[in-house]
Amino acid sequence: AARGGVLDPVQLLDIKSTLISCREIKRSLERKTDEYPRLSQLAAGLPESHGIVDAISRVLSDRGEVLDSASPKLGTLRREIKIAHDRLMSRLQRYLTESANKLQESIITQRDGRYVIPLRAEFKGQIKAVVHDQSSSGATLFVEPLPIIELNNTMRELELQERDEERRILYELSVQIGEHATEFKYGVENLAMLDLVFAKAKYAE
């Protein structure tokens with residue numbers, strides 16, 4: 001992050017949990033300075049979160065998914081994707097119904113990121129379409145009907161915009177973290193020292 005890299009959601013959640021641990025340990029030992037002076041001294045060197053815990057929580061779910069609410073643009077894009085997807089599926093479903101006898105199965109699948117239907121090879125040309133793949137036996141062609149192309153294009157364009165917006169959001173978080181990289185590294189070192197002291201104390205018992 002300090003070098004301008006983009007952290008992925010798993011790394012961001014690790015940072016969030018580490019900063020939460022730092023905050024909780026620090027608060028706990030601040031109340032026990034007389035009882036544990038050495039530990040309290042180490043805890044004093046743990047970093048502040050600088051609003052990063054809240055920032056990550058606003059952007060990511062606990063499972064590492066970028067939330068719709070992470071930005072107004074992302075929320076809008078995802079609503080548009082849902083509408084585009086519903087339109088595409090509705091149109092393809094008509095093919096499944098109207099051309100059922102020409103299809104190997106009544107399913108909608110994907111090839112090369114495009115939604116396609118499995119046309120039986122002997123009916124090639126009876127549905128005007130782009131062939132994206134075929135089965136190993138050659139009996140099935142995975143085709144994209146020509147009237148579907150524009151709907152597939154719209155869907156793909158929106159998905160690419162969604163990907164770019166997610167990356168932009170993660171980049172902004174990464175920049176915020178990178179600004180405090182030195183402090184956070186020092187904090188992690190102090191956490192390691194605390195672990196070592198705790199381990200020695202437990203062993204001594």
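**Close-up views of a predicted model**

**View 1. Strand β2 and its cover.** Strand β2 (residues 114–120) is mostly covered, with six of its seven residues buried. Buried means under 20% relative accessible area, exposed over 50%, partly exposed in between (1.4 Å probe, protein chains only). Helices (H or I, at least four residues) and strands (E, at least two) are DSSP runs, numbered from the N terminus. This is a predicted model: local features need pLDDT of at least 70, side-chain atom pairs count only at pLDDT 80 or more, and totals for chains, interfaces and linings use all residues. Residues are numbered from 1 along each chain as its sequence is written, and side-chain values use heavy atoms, leaving out hydrogens and water.

**View 2. The partners of β2.** Strand β1 (residues 109–111) runs antiparallel to β2, joined by three bridges. Pairing requires at least two DSSP bridges between two strands. Gln-110 stands opposite Tyr-115. Two residues separate β1 and β2 in a hairpin, and Asp-112 in the turn has a positive phi of about 55 degrees. β2 also pairs with strand β4 (residues 140–145), antiparallel, over four bridges. Here Arg-120 faces Thr-140.

**View 3. Lys-16 in helix α1.** Lys-16 lies in α1. Buried residues of this helix include Leu-12, Leu-13, Lys-16 and Leu-19. Lys-16 has no salt bridge; the nearest side chain of opposite charge, Asp-62, is 4.0 Å away. A salt bridge puts a side-chain nitrogen of Lys or Arg within 4 Å of a carboxyl oxygen of Asp or Glu. Lys and Arg count as positive, Asp and Glu as negative; His and the chain ends are not counted.
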